[in-house]
Amino acid sequence: MPAMAQHLYILTGASRGMGLAMAQQLLVPGNHLLCISRHAHAELAAAAQQADVPLTQWTHDLADGEGASVRLSAWLQSQNPGHFASASLINNAGVVPPVVPLSQSRPADLALALRVGLEAPMALCAAFLGATESWGLPRKVLNISSGMGRSAMASQAGYCAAKAGMDHFTRCMALDEALKPHGAKVCSLAPGVIDTDMQVQLRGAANTAFPDQGRFAQLKEKGLLSSPQQAASQVLAYLARPDFGHNPVADVRD
C-alpha cells in the first residue's frame, strides 16, 4: 500500500446540521472526502483548501437516488483503489415530512421522505459495495438511523417508516457481507437527540397534531440535546471503533 494512501469518506447530507459537522471533522490530512448534498458549501471548500485535504462536492437531490447511485458507481470505478487505505460510505441525508397524522399526509410528502431516507441509501449502498468489492481494503457503511425508527411516534409515520426500513435493510446487508471473504462492515446507527432543524420542526408542531411536542420542547429547555458538533464527534468515533459492524443496528450511546 502506498505510504500516502488516503481514507476515502463518502458523505450525504453534508451541507448543514450533523452532516456538515461530520464533513468539517473529516477534513484532516490523510482523508479524501466526497460530499453529496443539495447544495455545495463554500466554507467547507475553503476549509478543505486550507487543510490541504481533497474534497469533492456534488450537488445532487437525493430524491433522485437512482441518479446519485449511478454517478457514484461510475466515479468509484474510475478511481485507483491503490490510492486508498480504506473506504467508508456515510448515509446521513434525510427528510422529515410535515408533522401530521398519516390520514392528513400528502402522498408527495410521504414519497419524498421514503425516497431520500430509504430508497437513496439503499441505492447508494448497492453502488458503493458493488463498485468497491474487488478493492481488497477495509470498507464500512454507516447509515444514520434514529430512535424514531425503533419506537413508533404519532404524526411521524413517513420518517419512522424510512428509518425502520433503513435498520432492517442494514441487517440484510450485514448478512450479505458476512458471506464474503472481504465483506464490508455495516451499521445502522442512532446518533442520539441532536439540536438540528428537525428538532425545530418537531418543537414547532401543533401539539394537537403531534402529542410528543411537549417532550421535545422540554429536551431543549433542559439542555438535553447534543450539538451537531458533539453528535458528529460521537458518530465518527463509533465509526472508528474496532468492533464497528459487530451489531448491524446500534445506538451511539451503546
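# Exercises on a predicted model

The residues that line the largest cavity are P97, P98, V100, S105, L110, S155, Q156, A157 and G158. This is a predicted model, in which local features need pLDDT of at least 70 and side-chain atom pairs count only at pLDDT 80 or more, while totals for chains, interfaces and linings use all residues. Residues are numbered from 1 along each chain as its sequence is written, and side-chain values use heavy atoms, with hydrogens and water left out.

## Exercise 1: the cavity

Work out how many cavities of 30 Å³ or more the structure holds, what volume the largest cavity has, and how its lining divides by class.

Solution.

Step 1. Start with the idea: rolling a probe the size of a water molecule over the atoms shows where empty space is left. Here, a cavity is a set of points, on a 1 Å grid over the protein atoms alone, where a 1.4 Å probe fits but cannot get out, and lining residues have an atom within 4 Å of a point.

Step 2. With a cut-off of 30 Å³ or more, the structure holds 1 cavity. The largest cavity has a volume of about 50 Å³, a volume being the space filled by probe spheres set on the points, which are joined across faces, edges and corners.

Step 3. Now sort the lining. Ala, Val, Leu, Ile, Met, Phe, Trp, Tyr, Cys and Pro count as nonpolar, Asp, Glu, Lys and Arg as charged, and the others, Gly among them, as polar. That gives 5 nonpolar, 4 polar and no charged residues.

Step 4. Look at two lining residues, S155 and A157. S155 sits in the loop between strand 5 and helix 5 (157-178); helices (H or I, at least four residues) and strands (E, at least two) are DSSP runs, numbered from the N terminus. S155 is not a glycine, yet its phi is positive, at about 65°. With 9% relative accessibility, S155 is buried (buried means under 20% relative accessible area, exposed over 50%, partly exposed in between, with a 1.4 Å probe and protein chains only). A157 belongs to helix 5 and is partly exposed at 37%. The C-alpha atoms of A157 and L102 are 6.3 Å apart in space, although these residues are 55 apart in sequence.

## Exercise 2: aromatic rings

Decide whether the F84 and W135 pair is stacked or edge-to-face, then do likewise for Y238 and F244.

Solution.

Step 1. A pair of aromatic rings is described by the distance of the centres and the angle of the planes. Rings of Phe, Tyr and Trp (its six-membered ring) pair if their centres lie within 6.5 Å; planes under 30 degrees apart count as stacked, over 60 as edge-to-face and the rest as tilted.

Step 2. The structure holds 3 aromatic pairs. In one of them, the ring centres of F84 and W135 are 5.7 Å apart and the planes lie at 10°, so this pair is stacked. The pair links distant parts of the chain, 51 residues apart: F84 is in strand 4 (residues 84-91) and W135 in the loop between helix 4 (107-132) and strand 5 (139-144).

Step 3. For Y238 and F244, the centres are 6.2 Å apart and the planes at 75°, so the pair is edge-to-face.

Step 4. Check burial. F84 is buried at 3%, and W135 is buried at 11%. Y238 is buried at 6%, and F244 is buried at 4%.

## Exercise 3: salt bridges

Find how many salt bridges the whole structure has, and explain why the D167 and R150 pair ties together separate parts of the sequence.

Solution.

Step 1. Side chains of opposite charge can pair when their charged atoms come close. The test for a salt bridge is a side-chain nitrogen of Lys or Arg within 4 Å of a carboxyl oxygen of Asp or Glu.

Step 2. The search finds 7 salt bridges. Among them, R106 and D109 meet at 3.0 Å, N to O; R106 is exposed at 53%, whereas D109 is buried at 16%.

Step 3. D167 and R150 form another salt bridge, with the closest N and O atoms 2.8 Å apart. D167 lies in helix 5 and R150 in the loop between strand 5 and helix 5, so the pair ties together parts that are 17 residues apart in sequence. D167 is buried at 2%, and R150 is partly exposed at 35%.

Key:
1 Å grid on protein atoms, 1.4 Å probe; cavity = no way out; pocket = protein on both sides within 12 Å on 5 of 7 lines; lining within 4 Å.
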